[in-house]
Amino acid sequence: MSTPSLHDDPLWPRTGAWPSRGSLPGGRVADLAIIGVPTWRTSLSPTGAQHTPDAIRDALRRYSGHSVSLDGATDIVIEEALRLVDDGNLADPDTLEGEASAIRTLRELASDTELLISLGGDNAATVPAALGGFGDNLATAGLITIDAHHDLRDGVSNGSPVRRLIQAGLEGTRVVQIGIADFANSRAYRERARELGITVIHRDALHDRTPQDIAHEALAIAGAAGGPVHIDVDVDVCDRSVAPACPASVPGGLQAHELRRLTRALTRDARVRALDITEIDATADTADGRTIRLAALLILEAATGLIQRKAAQ
């Protein structure tokens, strides 16, 4: 998938054309880095998710980096406020060797970056993305998933990342799952989540609570030990009309504005060191590219949350 020719306006600069890693002089590599983690081989549903990272990059070019505060009093341009890098795509992260290599690469990049965004790929990307972001701090780390599913299946697949992270040493009581939906899970996995001490915030809770309120609760739990927090944004949490390129999205899921607001609210917190965007099959999107365009906006929302974080420090 490639971006068609776009109008060139010097007064409306486009975002996303960020330099490669190591091109910024001195200090940290970047304030924010993106990297592709194109997992797909173990997906429970047929998928072309390995093509998604590059499709998201193409979609970024449709947007500017300009954002205005709710009251209109301030505005920012992310390229002016942040040092941004794009570290390309990891090679074959689905194999045992490839996943181990991905963890090492992501760990190194996360150590030099205030916020690392991994572009999946299916949800299997969450394992290397989180372990890389946690670094040496797995014992105190926390995980927040925005997902319709528990992802506690046995084996190795896009349905097992939360169970695999807990098996690796992540404490279940510091896992929060936002958006868990009816008719998208099973009693067995609900019981498994309960036994592991996972906090579940049902999708319907977002009808009565603000994203900011939910983010505050989730961060208090996931960040209770003071360690780094990873955010897993599984886009199939969205309504099927919003995310048709997600194989498991269902009617009644989150709206785009809900996911965007949650992403910005969560990334404002300094404990959030890494985030992934997963479960999009770019080859299955609608002609208007709505799912991929939403994923690109989530990167910009996360960048804006990071800017607000830095302003508050």
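**Entry 1: a histidine in a strand**

Is H230 buried or exposed? I looked it up in this predicted model, and H230 counts as buried, at 1% relative accessibility. I placed H230 in strand β9, which covers residues 229-234. Next I listed the contacts of H230, leaving aside neighbours within four places in sequence. They are T126, A129, A130, F134, G142, L143, I144, A274, L275 and D276.

**Entry 2: the nonpolar cores**

I144 came up in that list, and I met I144 again in the largest nonpolar core. This core has 57 residues, and I117, I144 and V235 touch the most other members. Helix α9 gives the most to this core, with 12 residues. I then wrote down what I144 touches, not counting residues up to four places away in sequence. Among them are V176, I178, A218, L219, A222 and L266, and H230 is on the list as well. I also found a second, separate core of 15 residues, including V127, L138, V162 and I166.

**Entry 3: the largest pocket**

I noted a volume of about 820 Å³ for the largest pocket. Which residues lie nearest its centre? They are S67, R264, E301, T304 and Q308, out of 31 lining residues. The elements that give two or more residues to this lining are β2 (66-68), β3 (75-77), α7 (211-222), α8 (256-267) and α9 (290-312). Helix α9 gives the most, with seven residues. I sorted the lining by type and got 13 nonpolar, 10 polar and eight charged residues.

**Entry 4: the second largest pocket**

The second largest pocket has a volume of about 340 Å³. I counted 20 residues in its lining, and the closest to its centre are L44, H149, D151, R153 and G159. By type, this lining divides into six nonpolar, nine polar and five charged residues.

**Entry 5: helix α8**

I wanted to know how the length of α8 compares with what its residue count predicts. The 12 residues of α8 should span 16 Å at 1.5 Å a residue, and the end C-alpha atoms are 17 Å apart, so the two agree. Buried residues in α8 are E258, L259, L262, T263, A265, L266 and T267.

R261 also lies in α8. What is the relative accessible area of R261? I read 39% for R261, so this residue is partly exposed, as the class runs between 20% and 50%. Leaving aside neighbours within four places in sequence, R261 is in contact with P211 and Q212. I checked the pair R261 and A215 too: they are 46 residues apart in sequence and 9.6 Å apart in space, C-alpha to C-alpha.

I finished with the backbone. Where is the cis peptide bond that I noted? It runs from G120 to G121, with omega near 20°. G121 sits in the loop between β5 (113-120) and α4 (126-134).

Phi of D92 is near 45°, and D92 lies in the loop between β4 (84-89) and α3 (96-111). D92 counts as partly exposed, at 35% relative accessibility. For D151, phi is near 55°. D151 is found in the loop between β6 (142-146) and α5 (161-168). With a relative accessible area of 9%, D151 is buried. D151 is also one of the residues closest to the centre of the second largest pocket.

Note on methods:
Residues numbered from 1 in each chain as written. Predicted model: local features only at pLDDT ≥ 70, side-chain atom pairs only at ≥ 80, totals over all residues. Heavy atoms only, no water. 1 Å grid on protein atoms, 1.4 Å probe; cavity = no way out; pocket = protein on both sides within 12 Å on 5 of 7 lines; lining within 4 Å. Points joined across faces, edges and corners; volume = space filled by probe spheres on them. Helix = DSSP H or I, 4+ residues; strand = E, 2+ residues; numbered from the N terminus. Nonpolar A, V, L, I, M, F, W, Y, C, P; charged D, E, K, R; others polar. Core = buried A, V, L, I, M, F, W, Y, C linked by side-chain atoms within 4.5 Å. Buried < 20%, exposed > 50% of the residue type's maximum accessible area, 1.4 Å probe, protein only. Contact = heavy atoms within 4.5 Å. Expected span 1.5 Å × (residues − 1).
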